[in-house]
Amino acid sequence: MEKFICSRCSRSYPIDPIRWRCDCGSPLDLEFIPKFPIKKFLKRAPTLWRYREAIPILEDDSILSMGEGFTPLEEMDFDGRRILLKIDYLFPTGSYKDRGATVLISKVRELGIGKVVEDSSGNAGSAIAAYCAKAGIECEIYVPQSTSSGKLVQIQTYGSTLKKVKGSREETAQAAVEAASRTYYASHCWNPFFLHGTKTFAFEIWEQLGWKSPDVLVLPVGHGTLFLGAYIGFKELKEAGRVKSIPKLVGIQSSACAPLYRAFKKGLEDIQPIEKKETVAEGIAIARPVRGRQILEAIRETGGEMMTVTEKEIQVAMEEMGRKGYFIEPTSAATIAGLKRYLKRKEKKDIVVSTLTGMGLKATEKIAHLQF
Ligand SMILES: Cc1ncc(COP(=O)(O)O)c(C=O)c1O
Ligand SMILES: [Zn+2]
């Protein structure tokens with residue numbers, strides 16, 4: 001039987017709609033044993049739900065799907081080096097967050113919950129709002145007032161209640177936590193069912209590489225839901241004897257907001273509070289990542305690292321990707337800028353996978369302000 005287990009003090013709890021963190025204040029993980037019957041996977045449609053036995057939803061009837069996942073893994077050349085890019089803006093709401101939302105909202109439905117609250121820099125909010133709309137679940141989304149208008153319009157179009165908070169991303173989270181004392185907290189940062197959706201990123205890469213893991217993953221990190229999802233996915237595959245190793249995890253942050261980079265460089269176990277500056281990469285502008293300690297642990301365990309990129313590098317990457325035919329969010333351009341830096345010193349034989357997490361149409365007014 002599944003249960004929650006504290007990421008810090010290992011206390012365990014039954015799956016309970018009210019509980020969203022441990023009594024010690026730390027985020028909860030999910031104890032769950034996945035299965036990997038490859039022959040069954042291969043008979044199913046190309047969506048992330050083909051890995052059904054590895055996703056912690058009890059009943060098939062609870063599953064809420066919009067045909068999401070199994071995104072293309074495209075070969076690309078950067079400065080003469082070959083890499084693979086997972087095109088994760090090809091999701092129903094235009095970002096990879098649908099991986100987490102389809103699983104989390106399926107669980108919400110399974111638990112018989114009729115109303116949820118979430119806070120977000122915009123994309124996770126859009127994903128949760130869309131799946132709630134599909135399920136007929138009421139939903140309230142808290143976002144910072146500075147969020148790109150494309151994302152705000154998207155959240156409202158799905159019919160959820162949009163709460164714009166005058167203040168930072170952190171103040172937005174605080175407002176949602178207060179509301180969560182009355183409603184289910186469908187938080188992409190706190191709720192471990194979200195990570196058991198984002199982990200399908202790893203399963204898809206595993207299948208697309210011929211049931212192997214790559215050597216390196218270069219990923220954006222704000223709260224780290226893709227980063228930790230990829231880690232959990234490959235760890236589950238390793239524990240099941242399906243891959244030999246977990247890829248080296250390389251995290252990219254903006255130099256304007258880099259709490260994990262700083263903590264990693266100082267060799268700290270957890271992040272320290274930082275003052276964040278303005279960045280066009282709004283999706284990764286997170287000063288206090290909820291699962292900071294777990295992200296740092298995953299980096300060290302896999303021999304990975306954190307890197308930062310400047311606003312200028314983000315702008316250059318945005319333009320370069322546009323000229324290759326990819327209209328992406330500035331947050332995704334930050335990942336590409338980090339990838340370019342990483343490739344300068346990569347081992348030639350390494351298989352490197354990175355990703356495009358968000359579609360440019362969500363942030364057109366911010367992109368319009370970049371001078372190409
Ligand atoms: C397009 C995009 N990429 C990457 C991220 C980073 O995700 P996380 O905060 O889970 O690390 C976000 C988060 O909002 C995003 O919107
Ligand atoms: Zn605890």
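A: Contact here means heavy atoms within 4.5 Å. The model is predicted, so local features need pLDDT of at least 70 and side-chain atom pairs pLDDT 80 or more, while totals for chains, interfaces and linings use all residues. Residues are numbered from 1 along each chain as its sequence is written, chains are lettered from A and ligands numbered from 1 in the order in which they are written, and side-chain values use heavy atoms, with hydrogens and water left out.

Not counting residues up to four places away in sequence, Glu 282 touches Ser 121, Ser 146, Thr 147, Ser 148, Lys 151, Glu 329, Thr 331 and Lys 366.

Ser 121 is also among the contacts of Arg 169, a residue of helix H5 (residues 169-180). Arg 169 is buried as well, at 6% relative accessible area. Leaving aside neighbours within four places in sequence, the contacts of Arg 169 include Asp 119, Ser 120, Pro 144, His 188, Cys 189, His 223 and Lys 276. Between the C-alpha atoms of Arg 169 and Phe 4, 165 residues apart along the chain, the separation is 27 Å.

Elsewhere, the zinc ion (ligand 2) is coordinated at 2.3 Å by the SG atoms of Cys 6, Cys 9, Cys 22 and Cys 24 (donors are N, O and S atoms within 2.8 Å of the metal, or 3.2 Å for Na, K and Ca). The four donor atoms subtend angles of 105 to 121°, so the arrangement is tetrahedral (four donors, all angles between 85 and 135 degrees). The spacing of the donor residues in sequence is C-x2-C-x12-C-x1-C. Cys 6, in strand E1 (residues 3-6), and Cys 22, in the loop between strand E2 (12-13) and strand E3 (28-31), are 16 residues apart and link distant parts of the chain. Cys 6 and Cys 22 are both buried.

How values were computed. Tetrahedral: all angles 85-135°; square planar, octahedral: opposite > 155°, others 65-115°. Helix = DSSP H or I, 4+ residues; strand = E, 2+ residues; numbered from the N terminus. Buried < 20%, exposed > 50% of the residue type's maximum accessible area, 1.4 Å probe, protein only.
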